[in-house]
Every structure is written in C-alpha cells, then in structure tokens.
Amino acid sequence: MLVVDDNEMNRDLLSRRVKRLGHTVAVAEHGIEALERLNAGPFDLVLLDITMPEMDGFEVLERLKADPALAHIPVIMISAIDQTKAIARCIELGADDFLPKPFDSLLLRARMSSSLAKKRLHDRERLYAESLERELEIGRRIQSSFLPDTLPAPPGYELAARFRAARQVSGDFYDAFIPRERTETVLAVGDVCDKGVGAALFMAVIRSLVRALLDEGASLERLAELLNHYIADTHGKSHMFATLFLGVLEPGSGSLGYLNAGHEPPVLLSADGTIGRLPVTGPAIGLLPGLEFGTGTAQLEPGATLLVHTDGVTEGRNEAGAFYGEERLLVRVGASATLAPDAFLGAILGDVDVFSKGMDQADDITMLAVRRLG
C-alpha cells in the first residue's frame, strides 16, 4: 500500500491502521514523491490525500490514470473536505473510492477490501490475457512457417507476395512451389471464411493438402473434389469453407491452367496495359458435399503481370464506411504496370493504407504477383 499525505500525523495514523490489517505500507509526503514511488515499484493500492503542496491529489490521480503502466492500481482518495463536488471530481478522474477524515477503522477496512478485490480480479484477467497473447504468438509463428520463405524464380519470371493478417493469426495463405517430378510452377492463394484461430487451423490443413495432392500428381479438378469432400464431410459441423485460386504455370510457354473456386477473380495485366480477369470456375471449397469444379486457361505473354489477391484488399474501408473496391484497385494496377512485382504489390498495399487511414484493418490481406519478363 502507498499512503500519500503531506501531514506527518495523518500519514503515521493511517499507516499504522493499514499495517494492522496485514499489509505492507510505504509513504509519500507529496504528489511528486508518490509518482516517483509508483514508477519505482509495484503497488496494489494507493491512499491519496487531496489537499497537498507542490502537486495536489487531483493532479496525481489524473497523471496516474493517464499512465497505462499505473492506471490499473486502485486509488482511494482521502480528505477532510466533505464536498460533493470534490468527491464527484475524484470519481470522474478514475478514483475507486473516497474516505473522509478522521479515519473510521471499519470503513477503511471495507473500502480497502472492495478496492483490493477489484485489483485481484484485474490481475487475474491480465495474467489470463498475457497467457492468451503468448499462445497466439506461438500460433502466429507456427502459421508463418506455412508460408514460403522464398518464392521460386523460373527463368524469365519474377514473383513476389505480400501478407498482412488482421489479427495475430490469419485464414489467408499463399504459396508458390514446383511439385515433385514436375517442371510447372504452382501458384496458390486461399481465403478461409472468418478470421482468427479457427480459420488459421483450416488454413494450415488446406495448404498442406494442396501441396501433398499436387506432389502426388492430382489434377486441379481432382484436387478440388478431394478437398471439398474432406472439408464438407469430415468438418461439416464446423461450417467452414474456403475460396481458392490454384494456377499451374508452364514457364516455357507462359501457359497457365487454373482453378478458381469462388475466389476473387485474379487480374491479368498485359504488356500493353490491357486488364483482364480470370473468372470463377467453381464454388468455394467445402460448402456442400459432391460439388463439381471446372478449370480455365490463360496466357502470360512477355511483359504481362498476374495479380492474385484476397478480398481483404478490395474490402478495406475508410472512415466514411466506403470500400476500397475493385475499381480503385484496377486503377492502381494500371498505374503501377511498369513496376517489378515487389514494388507493384507495395504500391497497391500503400494505396489501400492511404484509403483506409485511421481505420483498423478489417480482414486479412494477401497478394501474389507473377510477372513474365519482356
């Protein structure tokens, strides 16, 4: 406990009564000393006089509650002033209770017990929150290991990716790899419904199955059918589904076979500035058992850039509640056509940030860009 009072007799009297209740007591003669003691070591409760020289109790209380490191400490204001306005001001500034002078032992015990009970509850909540934060940080690190450290670089191509989670863990993923005993480069971007831990767990499952099935030689249609069967039948009660874009790029010819399962249509920017889209070829993965999935083809000519993104890009909001939207995205894509993939994605993400300035990111943002050199 910290007893703060400029009157030595009052300090001594109150300290002795608090000690009789079984607590350890430190004292301060004025507000400046009180703040120094509070910053120097942990306290569970402050008994703070209102009327003091140098810095009165109101200012001490205001500074204490404005400091995130000290704001959780309960404060009982003490004063001989019996005025409703003074008490009301203390409560408005964040005081937990008020104790009039001269001190009544029963009232002192009751009000200290009440304030300490709230402090103990806050401490338990803080410890629980810290343990959750540690668990989420572990989950974030594990999830980041599912994203590729480096992207493959087929001769004549440049690849880049950007990933930014809305929370500690994400339901988005991207991948680029060359399946076993094949020469094509696989491009993958997925978006599991919802956000947070549940979506992150399904993200890990889907990403792992995509790699395993393609390594075993599955076609895009067969892969989608197997994924859909697994999620809809095995995890149907979870009501989870995912949109997924998978592209298989043949570097020599620039031919791209792809599957778009309910995902945002990727943008294909040609060397002359023409913008095309790769439309949806089937429903989202895991919605219902027995769904059928189609595929499509596209061509990456020299100088062309393919952008695959999740809806976290277009659904960024500004303070007015408006969406970033596809139209603004396509304008930014066209304006950044000559940039290398990493700078290209940086320009898009920077524009989203400018548009959404002052707003929290509402959804995970993932982008993958592939450029065929001209």
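Keep in mind as you look that the model is predicted.

Let us begin with an open sheet of five strands, which run in the order S7-S8-S9-S10-S13 and pair in the antiparallel sense. At its edges stand strand S7 (172-177) and strand S13 (296-299); each has a single partner strand, so one side of each is left without a neighbour in the sheet. Going from one strand to the next, the twist averages 15 degrees.

Asp172, for example, has Asp191 in S8 as its bridge partner.

Two helices pack on this sheet. Helix H6 (residues 197-215) touches S7, S8 and strand S9 (242-250), and the direction of H6 makes about 20 degrees with that of S7. Helix H7 (residues 220-234) touches S9 and strand S10 (255-261), and here too an angle is given: the direction of H7 makes about 20 degrees with that of S10.

Now for the aromatic rings, where the count comes to two pairs. In one of them, the ring centres of Phe245 and Tyr258 lie 5.8 Å apart with the planes at 25 degrees; planes under 30 degrees apart count as stacked, so this pair is stacked. Phe245 belongs to strand S9 and Tyr258 to strand S10, so to speak two stops on our tour of the sheet, and the pair links parts of the chain 13 residues apart. Are these residues buried or exposed? Phe245 is buried, because its relative accessibility is 0%, and Tyr258 is buried as well, with a relative accessible area of 4%.

The other pair is formed by Tyr324 and Phe355, whose ring centres are 5.6 Å apart and whose planes stand at 80 degrees, so the arrangement is edge-to-face. Tyr324 sits in the loop between helix H8 (311-314) and helix H9 (325-335), while Phe355 is part of helix H10 (residues 341-355); the pair links distant parts of the chain, 31 residues apart. Both residues are buried.

Helix H9 itself deserves a look. Which of its residues are buried? Among them are Gly325, Leu329 and Val333. These residues cover an arc of only 115 degrees around the axis, which puts them on the same side of H9. The buried residues of H9 pack against strand S11 (267-269), strand S12 (275-277), strand S14 (305-309), H8 and H10.

We finish with two arginines. Arg89 has its charged end over the ring of Phe58, 4.2 Å from the ring's centre. Arg37 lies in helix H2 (residues 31-40) and counts as partly exposed, because its relative accessibility is 34%. Leaving aside residues up to four places away in sequence, Arg37 touches Leu2, Ala26, Val27, Ala28 and Phe43.

Note on methods
Residues are numbered from 1 along each chain as its sequence is written. This is a predicted model: local features need pLDDT of at least 70, side-chain atom pairs count only at pLDDT 80 or more; totals for chains, interfaces and linings use all residues. Side-chain values use heavy atoms; hydrogens and water are left out. Helices (H or I, at least four residues) and strands (E, at least two) are DSSP runs, numbered from the N terminus. Buried means under 20% relative accessible area, exposed over 50%, partly exposed in between (1.4 Å probe, protein chains only). Contact means heavy atoms within 4.5 Å. Two strands pair if DSSP finds at least two bridges between them. Axes are lines fitted to C-alpha atoms, for helices over the stretch in contact, and angles run from 0 to 180 degrees between N-to-C directions. Rings of Phe, Tyr and Trp (its six-membered ring) pair if their centres lie within 6.5 Å; planes under 30 degrees apart count as stacked, over 60 as edge-to-face and the rest as tilted. A charge sits over a ring if NZ of Lys or CZ of Arg is within 6 Å of the ring centre and within 35 degrees of the ring normal. The arc is that of the directions from the helix axis to the C-beta atoms.
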